[in-house]
Every structure is written in C-alpha cells, then in structure tokens.
Amino acid sequence: MPSPHVLVLTYDHEEDAHASRVCDLLVGRGARTTVFNPASFQSRSRVDLSYLDGAVGRRLRIGDETVDLDTLTALWWRRPMPVAADPVLTDETIADYTVKECQSLLTGLWEHLSCPQLPARESVFRRAGHKPHQLALAAELGFQIPETVITTSGEAFLDFHDRHDGRIITKPLNLPWVEDAEGEIVMSRACEPVAARDVAYTDALRFCPVIVQERIPKRVELRVTVVGRQVFAAEIHSQVANHARFDWRRYDIRVTPHLVHRLPDEVATRCLALTDRLGLRYGAIDLIVTPDGRYVFLEINPNGQWLWIEHLTGLPISQALCDILLEGA
C-alpha cells in the first residue's frame with residue numbers, strides 16, 4: 001500500500017512553525033508531505049490538467065518534484081498566500097491578468113480534488129469565516145452571544161451606545177489589518193473599547209462597516225480548538241494584564257497564565273455542533289467565561305493558530321491534527 005501523502009498549502013515551511021510541527025509528526029508516522037506556497041506559483045511551479053480518453057489527470061510540479069494530485073490522501077489549508085506575479089512581468093496590467101488567471105486555476109483545482117481537506121474545501125471555510133453568519137448560528141445552537149449590531153449607520157451606533165451606557169467594544173468585520181501597496185502592515189485593528197472621543201466620529205461609519213458589541217465582563221477567556229471530534233479548551237487569563245483586558249491577542253505571554261480548562265459537556269457539544277454546521281473539520285473558537293460562570297460565544301476562526309496553546313498547556317493539538325490528516329489513508 002502506498003504511504004499517505006499530504007499536500008500542505010502554506011506561506012513558508014521554514015517560517016511557519018505550525019506547519020513544521022505537524023509535518024515532522026506526519027513524516028515520523030510514515031507519511032510523505034509536500035509543502036506548496038501558491039505565492040511562488042508563477043516563478044517555480046507548474047500545473048498540468050489533462051482530460052484524455054475519459055480520464056482526468058492532475059499534476060503539480062514544484063521545482064524538481066512532481067505531485068500526482070489524484071493520489072493525495074489529504075490537503076491541508078495551513079496559511080497559503082495568494083498567487084503573486086513573477087517579477088519578470090513588468091507591465092502591471094498583464095501581471096494582474098496573469099495572477100487572476102493563475103488564481104482561478106488553483107481555486108478550481110483544489111475545490112475538485114477528491115481527497116479530504118482540512119479545515120474544509122476553500123468555498124466552505126471561506127463562508128464559515130463570515131462573522132454575521134457565525135453569530136446567528138451560535139445563537140441558534142444555544143450559545144449565549146453578546147448583544148451586537150453590525151452597521152454603517154452612525155445613528156444605529158449611537159442608539160446602541162446609549163443602550164449600554166457606553167460600555168461597548170468595536171471590532172472589524174473581516175480584515176484585522178491594513179496593508180500598503182507593498183503588502184506591509186501599516187495598521188492593525190483588534191477589539192477596542194469605545195472612548196468618549198470616538199462618538200464624535202460616528203458619521204465616518206458610512207464608509208466602512210463595524211461590529212459593535214456590549215462589553216462582556218470576563219473571568220477568563222477561552223480558546224477552544226476543535227479537531228475532528230476532539231475538543232481542546234484552554235484558559236487565557238487575560239485580565240491579569242491591563243494591556244490584554246479587551247483583546248487577549250495583546251497579551252504578554254510571560255505574565256498571562258494559560259491553563260487547561262474543563263468545558264461543561266453541553267458547551268463542548270455546542271462547539272462540535274458549530275463546526276459540524278459550518279462544515280469544518282477544524283476550528284478555533286473564542287469564548288468568554290464571565291465572573292458568574294456564563295459561557296459567551298465571540299467567534300470561530302476556521303484556520304486559527306494553536307501552537308502557543310500546545311506549548312503552554314501540553315494539549316496534544318498537533319497530534320490530533322496529524323491523526324485527522326492521516327484519516328484519508
């Protein structure tokens with residue numbers, strides 16, 4: 001029997017510690033792994049699709065390696081970058097055209113492979129990332145969610161602000177950062193409390209939607225990582241550091257305790273139901289545990305990070321990912 005073969009789509013195997021960790025585990029268990037960065041597609045890769053005598057053939061060439069895509073046992077969407085133009089294409093119009101054509105080719109190629117994909121096929125996990133849909137589905141499944149408005153209306157924002165006596169937060173609908181023309185991040189946007197001075201600029205909301213939510217009191221925050229049918233929950237004690245009170249992603253790892261958390265069975269069941277309904281085999285769910293013990297849903301990231309949780313708590317998330325990537329074999 002041929003060994004399992006997993007294709008990993010990521011930006012850079014050497015820089016992506018998450019991909020390196022799981023790939024090492026896969027190789028240790030007898031699997032073959034191929035790492036592909038779509039950003040370098042034009043400069044160092046080739047794709048051949050053939051439809052001859054009723055048979056379909058799909059091959060990807062990366063440097064000197066040729067991958068028969070129809071023999072893959074799994075495809076892992078780790079963190080691929082979009083196709084980038086080869087520097088030899090100096091005409092911007094031509095470069096843009098070729099990039100769009102290459103991206104269209106790869107999008108259709110991945111979508112129609114027969115092997116299992118993690119966290120899901122691209123069309124599925126892109127749809128699963130829509131926050132308005134997540135909130136509606138979470139409420140339907142019985143999660144508590146913060147009172148929320150998503151708006152481009154200054155009037156609706158002010159009404160919500162008054163409803164909660166100004167104790168509200170805002171966060172982006174989709175993109176957490178702004179990039180310049182060279183792809184450098186020039187501004188990041190996280191979960192932010194609304195200050196009194198912000199109210200004066202509500203008219204600017206007409207240019208860009210924003211998520212506005214009531215400020216939920218926190219005892220701890222949870223990162224719940226679902227891998228297949230396994231649920232790994234970790235406490236992030238964000239309230240010990242003032243800098244991380246509103247968004248734990250601003251925490252200082254040296255002073256923010258991370259502990260294994262025992263989820264109540266009904267909450268774990270809802271987490272599994274959420275990934276099932278979204279069509280995901282992986283998902284990183286953010287919850288708040290309030291001082292009075294309520295579990296409040298914030299969002300799910302279909303491709304969120306996990307390695308720092310594993311390092312700090314010992315939860316075997318990478319092994320679980322390895323397991324699920326080998327299921328197709």
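**Close-up views of salt bridges and a surface patch**

The predicted model contains 20 salt bridges, a salt bridge being a side-chain nitrogen of Lys or Arg within 4 Å of a carboxyl oxygen of Asp or Glu. Side chains of opposite charge can pair when their charged atoms come close. This is a predicted model, in which local features need pLDDT of at least 70 and side-chain atom pairs count only at pLDDT 80 or more, while totals for chains, interfaces and linings use all residues. Residues are numbered from 1 along each chain as its sequence is written, and side-chain values use heavy atoms, with hydrogens and water left out.

**View 1. Arg29 and Asp323 form a salt bridge.** The closest N and O atoms of this pair are 2.8 Å apart. Arg29 lies in the loop between helix H1 (17–28) and strand E2 (32–36), whereas Asp323 belongs to helix H9 (residues 317–326); the pair links distant parts of the chain, 294 residues apart. Helices (H or I, at least four residues) and strands (E, at least two) are DSSP runs, numbered from the N terminus. Arg29 is partly exposed at 42% relative accessibility, and Asp323 is partly exposed at 32%. Here buried means under 20% relative accessible area, exposed over 50%, and partly exposed in between (1.4 Å probe, protein chains only).

**View 2. Lys100 and Asp96 meet in a salt bridge.** The N to O distance is 3.1 Å. Because Lys100 and Asp96 are four residues apart in helix H3, about one helical turn separates them. Lys100 is exposed, with a relative accessible area of 52%, while Asp96 is partly exposed, with 39%.

**View 3. Arg223 and Asp286 form a salt bridge.** Their closest N and O atoms are 2.9 Å apart. Arg223 lies in strand E14 (residues 220–227) and Asp286 in strand E17 (residues 282–289), so the pair ties together parts that are 63 residues apart in sequence. Arg223 is buried at 6% relative accessibility, and Asp286 is buried at 11%.

**View 4. Leu49, Tyr51, Val56 and Leu105 form a nonpolar patch on the surface.** Together these residues have about 350 Å² of accessible area, computed by the Shrake-Rupley method with a 1.4 Å probe, where for residues only the protein chains shown count as cover. Patches are made of residues with over 30% relative accessible area and no salt bridge; like charges are joined within 9 Å, and nonpolar side chains (Val, Leu, Ile, Met, Phe, Trp, Tyr) within 5 Å. Leu105 is located in helix H3 (residues 92–111) and is partly exposed, with a relative accessible area of 31%.
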